[in-house]
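Here is a short report for a reader new to this structure. Please look over the sequence and the model first.

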Amino acid sequence: MTKEVQMPIVRHTWSILAAVCVAATLTVGIPQFAGCAAGTSGMGSVLLPQTLNERIAAGYVLVTTLRETATTLLNAGKLTADDGANVLQITDVARDGLNVARMLSATDLTSAEAKLAATNTVLVALQQYLTQRGAQ
Amino acid sequence: MNAALAVELLIAIINQAATISALLSKAQAENRDVTQAELDSLALADDLSRATLIVAISARRAQESKQA
């Protein structure tokens, strides 16, 4: 009885985890996520962003994904309005960070890289938080 | 987790992964970097998702007020 109830939950959570790993790999090119993504998703090779512009592009996509995930969780009643507002605020900060990195890329590559790295840290933390909320 | 919700989240994430994968594939196949126009397009898509999130927050807040 317990197994019949738990197994689908494990499967769903595992699928979400796999997808999050893929998204994180694509977005920030974090090496430790690459093996996780390949191992859990079975989706084959993933195309990693190489240049600064590619990583900024992936960052934009991740911000969009997080906003859409929060919207889905809000609509499903899995997230409170206050939690949603927090996600909005954090994703706005991340988006601003990406915009700044984009502006700096023309003049100061080192600062642009630093800004992008700081932004990605915030995004990955938020992604993990949303995954946990979705799994509850 | 509700199965339908899990599938919905999964599809959203896979769609986004496909978006960036297609963008990178195209740029790398053409031996070029991602252009400013492409970045603008992604930023515009994010603006739309932001607007949708704001609507969802308002709807959820209204729902919470009714329940209180």
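This is a predicted model. Begin inside chain A, where two helices meet. From H3(A), the residues in contact are A:Ile56, A:Gly59, A:Tyr60, A:Val63, A:Leu66, A:Arg67, A:Ala70 and A:Leu74. H4(A) answers with a list that includes A:Ala81, A:Gly84, A:Val87, A:Leu88, A:Thr91 and A:Asp92. Further along H4(A), the list also includes A:Ala94, A:Arg95, A:Leu98, A:Asn99, A:Ala101 and A:Arg102. By class, this contact of H3(A) with H4(A) has 12 nonpolar, 4 polar and 4 charged residues.

The geometry is simple to picture. The axes of H3(A) and H4(A) lie 10 Å apart, and the packing angle is about 170°. An angle over 145 degrees counts as roughly antiparallel. H3(A) and H4(A) are therefore roughly antiparallel to each other.

Now turn to the second chain. Chain A puts 49 residues into its contact with chain B, and chain B puts in 36 residues. Together the two chains bury about 4000 Å², with 67% of it on carbon and sulfur atoms. Across this interface, 16 residue pairs are in polar contact, both residues at pLDDT 80 or more.

Which elements of chain A give two or more residues to the side that touches chain B? They are the helices in this table.

| Helix of chain A | Residues |
|---|---|
| H1 | 2–28 |
| H3 | 52–75 |
| H4 | 81–104 |
| H5 | 109–135 |

H3(A) gives the most to this side, with 19 residues. By class, the side of chain A that touches chain B has 26 nonpolar, 15 polar and 8 charged residues.

Charge pairs come next. Side chains of opposite charge can pair when their charged atoms come close. Over all chains, the count is 12 salt bridges. Between chain A and chain B, the count is 6 salt bridges. One salt bridge links A:Arg67 with B:Asp46, and their closest N and O atoms are 2.9 Å apart. A:Arg67 lies in helix H3 of chain A and B:Asp46 in helix H2 (residues 36–67) of chain B, so this pair joins two chains. A:Arg67 is also among the H3(A) residues that meet H4(A).

Note on methods:
Residues numbered from 1 in each chain as written. Chains lettered and ligands numbered in written order. Predicted model: local features only at pLDDT ≥ 70, side-chain atom pairs only at ≥ 80, totals over all residues. Heavy atoms only, no water. Contact = heavy atoms within 4.5 Å. Buried area = accessible area lost by both parts, 1.4 Å probe. Salt bridge = Lys/Arg side-chain N within 4 Å of Asp/Glu carboxyl O. Polar contact = N/O pair within 3.5 Å; in protein donor to acceptor, adjacent residues only side chain to side chain. Helix = DSSP H or I, 4+ residues; strand = E, 2+ residues; numbered from the N terminus. Nonpolar A, V, L, I, M, F, W, Y, C, P; charged D, E, K, R; others polar. Axes fitted to C-alpha atoms, helices over the stretch in contact; angles between N-to-C directions. Parallel < 35°, antiparallel > 145°, perpendicular 65-115°, else oblique.
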